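Open the model in your viewer and keep the selection tool ready.

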Amino acid sequence: MLLARVAAGDRGAFGVLYGRTSAKLFASVCRILGNQAAAEDAVQEAYLRIWNRAGDFDAGLGSPIAWMTTIARHAAIDAARRGPERVSAASAELDPELMDRLADPATTGDRLSAGPRLASCLERLEADRRGMVLLAYCQGWSREELARRFDRPVATVKTILRRSLMALKECLGDRD
Amino acid sequence: MTETDRDDIDALAGEYVLGTLDADERRAAEARLSSDAGFRAAVAGWLSHLQPLADTATPIEPPDGTLERVLARIDLAQGVPAATNVVELRRSIRRWRMTTAIVGAAAAALAGFIVVDLAVPPAEQSEFVAVLTSEGAAPKFVATVDVAKGTLSIRQVGQETAPPDKSYELWAIEPGQAPKSMGLVEQAGLSRILEQSPADLTLAISLEPPGGSPTGAPTGPVVFSGTLVPTE
């Protein structure tokens, strides 16, 4: 497996891994960071972390790309949190076509049902709750930013996020 | 394990993947990831559940040279012999290590800053480099001065991030002068016109409230510092 070879310090394997995954990871990073220079730096940081942490990955964590995506999103989120809050910025609005793309089986490739299933469970959440989950995942919003955008205390946002996640899990689990 | 514990673990794992944990919480979660099989399984579940949202982002190729820059950063972190584009830097780091070893004992504190009393030849150098570090630790930022252009650029080489409620602010300190702010250092780095002479100039990064020092002088602790030296 590529990541195991990367963990052993194999730069050739790292290059192959980069070639296969960088467009996908950069897409997630760019969606969180509007600024091109910051996105370029964050994707470098992401691959640096992947190199350093490749040994932490094993098949028990699922697919390598999901794990790598999370590392990249976290690197982008770290960069975003060092900048100004983005609540009033244009990025405050979600891509209106996001839910449509999620519901389209073609989007998730070989895991055909995963996207539509998640879409239908997200649709069951009340609109504000769905918005919080989507802004957090896709645009890297912090609890504090969500609190300002939705005019709720930070502690309430945390509770709402966790309840929404539990509702999602129950919904997704119901159909296993 | 009670159902509530189970839910707590799942909620924490979910927030970890979602990205809404603060820096301390995320660090704690990552430590737990390697020691707690139940938590690891919960994270695996969320990675899989939420990945379709990542699939909705249209792929974008990063700019050419990104992989090479990552490899250069790996080299830098590992201290292995340089790739060509970082030769200058590496030489500077060696030089910095030497001079630091020599004058370390002579370091004097001025207004809370570590000011290294370094004899810099007054030659017409085209480039100066400083490695900013905290005492004895690995380099965290590298600053370069292009004398012809009169610019100073600083880039991060470590993974250090400012605490979520703080900003890194860069200061230039001429011998015997008050620190002058050079602006906030974001992850993407910083480029500024340098008004001071780079010879003998000390650079320091302090932890400041978000957006920078409200007073125009450093108010927080200096976390990294270094002195500009000419590259050969």
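Select Arg155(B) and Asp41(A). They form a salt bridge, with the closest N and O atoms 2.6 Å apart. A salt bridge here is a side-chain nitrogen of Lys or Arg within 4 Å of a carboxyl oxygen of Asp or Glu. Arg155(B) sits in strand β5 of chain B and Asp41(A) in helix α3 of chain A, so this pair joins two chains. Helices (H or I, at least four residues) and strands (E, at least two) are DSSP runs, numbered from the N terminus.

A word on the model before you go on. It is predicted: local features need pLDDT of at least 70, side-chain atom pairs count only at pLDDT 80 or more, and totals for chains, interfaces and linings use all residues. Residues are numbered from 1 along each chain as its sequence is written, chains are lettered from A and ligands numbered from 1 in the order in which they are written, and side-chain values use heavy atoms, with hydrogens and water left out.

**Stop: the interface**

Now select Asp10(B) and Lys169(A). Their side chains meet in another salt bridge, at 3.2 Å from N to O. How many salt bridges are there between chain A and chain B? The count is 12. Over all chains, the whole structure has 21.

Colour the two chains apart. In contact (heavy atoms within 4.5 Å) are 70 residues of chain A and 56 residues of chain B. Together the chains bury about 5900 Å², 57% of it on carbon and sulfur atoms. Buried area is the accessible area (1.4 Å probe) that two parts lose on being put together, summed over both. Show Gln44(A), Arg82(A) and Tyr137(A): they supply 13% of the area that chain A buries against chain B, more than any other three residues.

Look for polar contacts too. Each is a pair of N or O atoms within 3.5 Å; within protein, one must be able to donate a hydrogen and the other to accept it, and residues adjacent in sequence count only if both atoms are side-chain atoms. Across this interface, 24 residue pairs make one (both at pLDDT 80 or more).

Which elements of chain A give two or more residues to the side that touches chain B? Among them are α2 (11-32), α3 (36-53), α4 (64-82) and α9 (154-174). α3(A) gives the most, with 14 residues.

**Stop: the five-stranded sheet**

Find the open sheet of five strands in chain B, ordered β8-β5-β4-β3-β11 with antiparallel pairing. β8 and β11 (229-230) stand at the edges with a single partner strand each, so one side of each has no neighbour in the sheet. Two strands pair if DSSP finds at least two bridges between them.

Select β4 (141-146) and β5 (151-156) of chain B. They pair over six bridges, antiparallel. Phe141(B) has Gln156(B) as its bridge partner. Four residues lie between the strands of this hairpin, where Gly150(B) takes a positive phi near 70°.

Step across to β8 (190-193) of chain B. Four bridges join it to β5(B).

**Stop: the four-stranded sheet**

Stay in chain B. Another open sheet runs β7-β6-β9-β10, with antiparallel pairing. Its edge strands are β7 (180-184) and β10 (222-227), each pairing on one side only.

Finish on β9 (202-208) of chain B. It pairs with β10(B) over five bridges, antiparallel. Select Ile205(B): its bridge partner in β10(B) is Phe224(B).
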